[in-house]
Amino acid sequence: MDLRIFTEPQQGATYDTLLTVAKATEALGFDAFFRSDHYLSMGDSDGLPGPTDAWITLAGLARETERIRLGTLMTAGTFRLPGVLAIQVAQVDQMSGGRVELGLGTGWFEAEHTAYGIPFPKEKFARLEEQLAIVTGLWGTEIGEKFHYDGTHYRLSDSPGLPKPAQPKVPVLIGGHGAKRTPLLAARYADEFNIPFASIEDTERQFGRVRKAVAEAGRAATEMTYSNALVACVGKDDAEVARRAARIGRQVDELKANGLAGSPAQVVDKIGRYAEAGSQRIYLQILDLDDLDHLELIAGQVQSQLG
């Protein structure tokens, strides 16, 4: 099982805080540092000192880390034109030496669009389909050739499809709980399918739908990686679990039911059950970015037992 660190900076984090967590992620042997793509805090958080942009953050981290993969769960399709996004991701991939992954979703949080004057279209899924076609099409256009696209929402003409990423193929992540359109879209464009904050039963059911869609698309089963995103709250004992839960404003029982919470042994056991459901990778949602001891505990007593 591959463990990755996943952060929610819109809840309140500076770039320096994110850099500290990313460097700890690398030093502790985790595979990757991912972040959300939001401009407005959620829940009771005041969001201070304010949002950081996902791809500007990843550009900085690309120059200040050496090994870890870097990416988004998920870039909001409503925030960026697809041609601009293709340029941004390709440039950050070059800056990182080929360590970037693109998670791309529809965008869903209307309040942050209203707060920052970003259009919030009624039809988002069809736009996402076109965005994926354009981003991957631009990257796949041979040098010297031109890319054209005539869609309902976007039109590109005579694009050189530049710059190119450092990687021959930037991994694309698609995720969600949708039963019909989402698996089909993943089968067409994704290298990884991620289901966020889902039970073991729902995970198994959704992975099954995606596997079926992948097979029907004529792709080899090994071409798709299956992953979960789950909140993490691990402690050496019950008191430490309770303290960490309180710090993020959650209840222990709820975290144990809906995430990865408890002692290292309990969390390892639950990860094993997700693995049985087909999960190959877990993004650990870390909500208290000042608690580096939490990462050390997970690395030393959870990750070490997973191989």
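Trainee: Where is Asp158 found in this model?
Mentor: Keep in mind that we're looking at a predicted model. Asp158 isn't a glycine, yet it has a positive phi of about 55°. As for its place in the fold, Asp158 is found in strand β7, residues 155-159.

Trainee: Is Asp158 buried, partly exposed or exposed?
Mentor: Buried would need under 20% relative accessible area, and exposed would need over 50%. Asp158 has a relative accessible area of 46%, so it counts as partly exposed.

Trainee: And where does Phe197 sit?
Mentor: Most residues other than glycine have a negative phi. Phe197 has a positive one, about 50°, although it is not a glycine. Its relative accessible area is 41%, so Phe197 is partly exposed. Its place is in the loop between β9 (192-196) and α7 (200-216).

Trainee: Which residue does a cis peptide bond join to Leu48?
Mentor: Most peptide bonds are trans. Here omega is about 10°, and the bond is cis. Leu48 is joined to Pro49.

Trainee: Why does Gln251 count as exposed?
Mentor: Start with its location: Gln251 lies in the loop between α8 (238-247) and α9 (252-258). Exposed means over 50% relative accessible area. Gln251 counts as exposed because its relative accessibility is 60%.

Trainee: How are α10 and α11 set relative to each other?
Mentor: Two packed helices are described by the angle between their axes and the distance between the axes. For α10 (residues 264-276) and α11 (residues 292-306), the angle is about 40° and the axes are 10 Å apart. The crossing of this pair is right-handed. Given that angle, α10 and α11 are therefore oblique.

Trainee: Which element gives the most to the lining of the largest cavity?
Mentor: The structure holds two cavities of 30 Å³ or more, and the largest has a volume of about 80 Å³. Elements giving two or more residues to its lining are β10 (225-234), α8 and β12 (281-286). By class, that lining divides into six nonpolar, two polar and four charged residues. The element that gives the most, with three residues, is β10.

Trainee: How many nonpolar, polar and charged residues does the lining of the second largest cavity have?
Mentor: This cavity has a volume of about 30 Å³. It's lined by Ala232, Val234, Leu260, Val267, Ile271, Leu284, Ile298 and Val302. The elements that give two or more residues to that lining are β10, α10 and α11. Sorted by class, the lining has no polar and no charged residues, and the nonpolar ones number eight.

Trainee: Last one: which helix gives the most to the lining of the second largest pocket?
Mentor: That pocket has a volume of about 170 Å³. It's lined by 14 residues, and Gly77, Thr78, Pro121, Arg127 and Tyr154 lie nearest its centre. The lining divides into six nonpolar, five polar and three charged residues. With three residues from the stretch 125-140, the helix that gives the most is α5.

Methods: Residues are numbered from 1 along each chain as its sequence is written. This is a predicted model: local features need pLDDT of at least 70, side-chain atom pairs count only at pLDDT 80 or more; totals for chains, interfaces and linings use all residues. Side-chain values use heavy atoms; hydrogens and water are left out. Helices (H or I, at least four residues) and strands (E, at least two) are DSSP runs, numbered from the N terminus. Buried means under 20% relative accessible area, exposed over 50%, partly exposed in between (1.4 Å probe, protein chains only). On a 1 Å grid over the protein atoms alone, a cavity is a set of points where a 1.4 Å probe fits but cannot get out, and a pocket is an open set with protein on both sides within 12 Å along at least five of seven lines; lining residues have an atom within 4 Å of a point. Grid points are joined across faces, edges and corners, and a volume is the space filled by probe spheres set on the points. Ala, Val, Leu, Ile, Met, Phe, Trp, Tyr, Cys and Pro count as nonpolar, Asp, Glu, Lys and Arg as charged, and the others, Gly among them, as polar. Axes are lines fitted to C-alpha atoms, for helices over the stretch in contact, and angles run from 0 to 180 degrees between N-to-C directions. Angles under 35 degrees count as roughly parallel, over 145 as roughly antiparallel, 65 to 115 as roughly perpendicular and the rest as oblique. A crossing is left-handed if the near helix is turned anticlockwise from the far one by less than a right angle, and right-handed if clockwise.
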